[in-house]
Amino acid sequence: MTSAVYRDTVRGVLVRQYGQMRNGTKVLAGRIDTSPRTVRNWLDGVSAPRGEELMKLMMECDELRDEIFRLVDEGKQQCPNE
């Protein structure tokens, strides 16, 4: 998995869940205790969440959690067995 795949996956889910919501950026920022500007950067695809932020997002958004687990499973299938 590349950083672009990770960033685009997070962006896609967040846009679907919060992009059309009135004040969605502020709502999500408040729920995960980060700044609205940080959330806006994720929605715009400028950056992606770091570890702690990702954990909070996954607790808040089941769809994102499922997508991250899907990416992990895909990565496992591409790795040779040890």
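Contact means heavy atoms within 4.5 Å. This is a predicted model, so local features need pLDDT of at least 70, side-chain atom pairs count only at pLDDT 80 or more, and totals for chains, interfaces and linings use all residues. Residues are numbered from 1 along each chain as its sequence is written, and side-chain values use heavy atoms, with hydrogens and water left out.

Start with Asn41. Leaving aside neighbours within four places in sequence, Asn41 is in contact with Val46 and Ser47. Asn41 lies in helix H3; helices are DSSP runs of H or I with at least four residues, numbered from the N terminus. Asn41 is buried, at a relative accessible area of 18%. Buried means under 20% relative accessible area, with a 1.4 Å probe and protein chains only. Thr25 is 16 residues from Asn41 in sequence, and the C-alpha atoms of the two are 9.8 Å apart.

Now take H3 with its partner H2. H2 spans residues 24-32 and H3 residues 36-44; they pack at about 115°, axes 8 Å apart. Axes are lines fitted to C-alpha atoms over the stretch in contact, and angles run from 0 to 180 degrees between N-to-C directions. From H2, the contact uses Thr25, Lys26, Leu28, Ala29 and Ile32. From H3, Pro36, Val39, Arg40, Trp42 and Leu43 take part. Seven of these residues are nonpolar, one is polar and two are charged.

Helix H1 covers residues 3-19, and its buried residues are Tyr6, Thr9, Val10, Gly12, Val13, Leu14 and Tyr18. Their cover includes H2, H3, H4 (51-60) and H5 (62-78).

Conventions:
Helix = DSSP H or I, 4+ residues; strand = E, 2+ residues; numbered from the N terminus. Nonpolar A, V, L, I, M, F, W, Y, C, P; charged D, E, K, R; others polar. Buried < 20%, exposed > 50% of the residue type's maximum accessible area, 1.4 Å probe, protein only.
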